[in-house]
Each structure stands twice: as structure tokens, then as C-alpha cells.
Amino acid sequence: MERKINNSSLRIREVLSVLSLFLFLAFLPEPVFAQKAPPIIDMHLHADLPPFEVPAGTPAICRPEPCEGKGKATASHEETMRKTLEIMDRNNIVKAHLSGLDPEIMAKWIDAAPGRFIAAPFIFQPDEAGLEQMRSKFDEGFYAGMGEIATQLNGMAPNDPKLEPYFALAEELDLPTLIHTEGIGPELPGFRTAAGSPLLLEEVLVRHPKLRLYVENSGYPFRDEMIAMMSQYPQLYGDVSTITWLLPRTAFYDYLEALVRAGLGKRIMFGSDQMCWPEMIESGIQAIQEADFLSEEQKRDILYNNAERFLQITLGNE
Ligand SMILES: [Zn+2]
């Protein structure tokens, strides 16, 4: 009899413990086993790839030569889009600045992932007629960002008067604006390193104090110039994009650590600049995550928080 009682009370206890486990799991805000990675914002994606022709399968560019690039170029815009979206889903990339020259290609991206992209015109050559057309695309809400302004690829410095209407428009419409102003770039005949000194941004920032400007690769490798500019002009941000994957890792870490040690860790944002190598998005994220000189909080700042503040959006972090 005593044994029987013990058995049934054991049963009841078992049932209760299973029940309480069930209740515990049911009332968790999100099931622990299905928890997503923390969100990421990619401040530097490309929908198309002017002005390059890259044969399918070509390894990603690398610097400095001789070096070996990783990855394989996609064969089409469609493949770039499909693979980029897969990687965005896998890594919980919730928002991205998407630069493009061809509005038709851009429209496909926007349709494929509504609300996920800040579409922005890629500026290779300033062109007054083009600016008028562009303005209508802003008015209709198609574009919501400016750049990449990549005129350095033609040797044009950021303080060239031909760029003035673009900065004026970006300031007027309060657009997040990406510019290629740094020491490195694609091997094009017109590219000029000297046109990429971050000091050349000073006139632009003085003339447009409300412009929300960020610099590709945080001006790499013009470290001291960039520290000076960011320290003096609090509206200026930088991304870490190709330098996360095309440089020797030590060179990237030296640069990033110098900026962070200079107190600029709250104004550096992750971007992949994936071009036709979507797998570089994950290489870039990994480079940030493996930086052992950064605290977890500093990594989250670069991967998400700083861009959220810069874009003036709230998506709900962690
Ligand atoms: Zn770019």
C-alpha cells in the first residue's frame, strides 16, 4: 500500500514537471531554440556594378598586389540579388543602403524585399540633366539615400563644384549620403588616390552642416586625416566595407583599432560593398566579430547601433 502511494505521487510529480516545462517554454517571449542572430545593418550594398565588367567566377579584388582574392563573381544581377538576399536572411541583416545606377535593376531589389533597402543613386559622373530626373525619383519616394558618390573613380575630388548640386539636394532632403573618399579604389585609368584625401571633405561639410555624410572605408588609409575630420565634424560618419575583406586582416585591424582608440567607435558602421561577390558580406561580418580588441558592445555598435542612429530609424535592437 505504502509502495503504491509512493508510485502514484512519483507519477504526479513527473506529470507536473513535464507540464511546468511545457508552460515555461510556451510563455517564453520567443522560443529559445528559434532565437535569431542580433540584427545587422549593411550600409554599403550595390545592386549593379558600374563601371566594371567582371567575368563570372573572377575572384574578389584584393589589395595590395600580389594577393589572392576570395569568392567568385556572380554571372548576373539576378544572381547577385538572390545570393545577397539569402545572406541577408541568414545573418538577420534587416536594413541596407543599396546603391545603383540603373533604376530598373533597383526596382527589382525593392520589390524582392519591400522596406528592407534604402535605395540611392550611384553617381559616377555628375550630370545636370540626370539630376532633374533623379529629383523626381526622390519625390515619388523611390530613392531615399544618396550615393555612393564615386566620382573619385574619375579623379574628381569631393570639393569639385560639379558635385555641389548633389550635396545641396542631399542636405535639403536629409538623405544618408555615401561617398568614396579614400586612398584605394578600382583599377580604372581615371582613379586618383590624391583626390581621396578626407581633408577635401572639409569645404563640403562647412557648406552643408546638416548633410548626413559617411565615407567609404572611413577614408582608408588616411588615418590621421580621417580622425581629424571626424573629431572636428560630429556629423561625419565612416563605414568599414571592402577593408573588412580585401586587405590583410592585420591592416584592417590596425586601422579600425586606431579609429576606435581615437574615440570614434560610435560613428563607424558596417557595410559590405559586396559588388558581384555576395559571399564577402559574411567575410566582413566575421572580420568584425573576430576583432578581439573590440568589446561585444563595440561590435554591436559597428554592426547595428551606429547605423540605426545615423539613419534615424528604430528597428528594435535585441
Ligand atoms: Zn561601393
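This is a predicted model: local features need pLDDT of at least 70, side-chain atom pairs count only at pLDDT 80 or more; totals for chains, interfaces and linings use all residues.
Residues are numbered from 1 along each chain as its sequence is written, and side-chain values use heavy atoms, with hydrogens and water left out. Helices (H or I, at least four residues) and strands (E, at least two) are DSSP runs, numbered from the N terminus.

- The peptide bond from Arg 63 to Pro 64 is cis, and its omega is near -15°.
- A cis peptide bond also runs from Glu 65 to Pro 66, with omega near -10°; Pro 66 belongs to the loop between β1 and α2.
- A disulfide, defined as a pair of cysteine sulfur atoms within 2.5 Å, joins Cys 62 and Cys 67, whose sulfur atoms are 2.0 Å apart.
- By this rule the count comes to one disulfide.
- The link of Cys 62 and Cys 67 is right-handed, with 90° about the S-S bond.

- Val 54 is placed in the loop between β1 (40-46) and α2.
- Because its relative accessibility is 26%, Val 54 counts as partly exposed.
- Val 54 and Thr 74 are 20 residues apart along the chain, and their C-alpha atoms are separated by 8.6 Å.
- Contact means heavy atoms within 4.5 Å; leaving aside neighbours within four places in sequence, Val 54 is in contact with Leu 49, Ala 73, Cys 276 and Trp 277.

- Two packed helices are described by the angle between their axes and the distance between the axes.
- Axes are lines fitted to C-alpha atoms, for helices over the stretch in contact, and angles run from 0 to 180 degrees between N-to-C directions.
- The axes of α2 (residues 77-90) and α3 (residues 103-112) cross at roughly 30° and come within 11 Å.
- Helices α2 and α3 are therefore roughly parallel to each other; angles under 35 degrees count as roughly parallel, over 145 as roughly antiparallel, 65 to 115 as roughly perpendicular and the rest as oblique.
- The crossing of α2 and α3 is right-handed; a crossing is right-handed if the near helix is turned clockwise from the far one by less than a right angle, and left-handed if anticlockwise.
- On the α2 side, His 77, Glu 78, Thr 80, Met 81, Thr 84 and Leu 85 meet Ile 105, Lys 108, Trp 109 and Ala 112 of α3.
- The residues of this contact of α2 with α3 comprise five nonpolar, three polar and two charged; Ala, Val, Leu, Ile, Met, Phe, Trp, Tyr, Cys and Pro count as nonpolar, Asp, Glu, Lys and Arg as charged, and the others, Gly among them, as polar.

**Helices α4 and α5**

- Helix α4 (residues 128-139) packs against helix α5 (residues 164-173) at an angle of about 15°, with the axes 12 Å apart.
- That makes α4 roughly parallel to α5, and their crossing is right-handed.
- Leu 131, Met 134, Arg 135 and Phe 138 of α4 meet Pro 165, Tyr 166, Leu 169, Glu 172 and Leu 173 of α5.
- The contact of α4 with α5 has seven nonpolar, no polar and two charged residues.

**Helix α9**

- Helix α9 (residues 280-289) is mostly covered, as seven of its 10 residues are buried.
- The buried residues of α9 are Met 280, Ile 281, Ser 283, Gly 284, Ile 285, Ala 287 and Ile 288.

**Positive phi in residues other than glycine**

- Asp 174 has a positive phi, near 60°, and lies in the loop between α5 and β5 (176-179).
- With a relative accessibility of 36%, Asp 174 counts as partly exposed.
- Gln 312 has a positive phi near 60° and sits in the segment after α10 (296-311).
- Gln 312 counts as exposed because its relative accessibility is 55%.

Note on methods
Buried means under 20% relative accessible area, exposed over 50%, partly exposed in between (1.4 Å probe, protein chains only).
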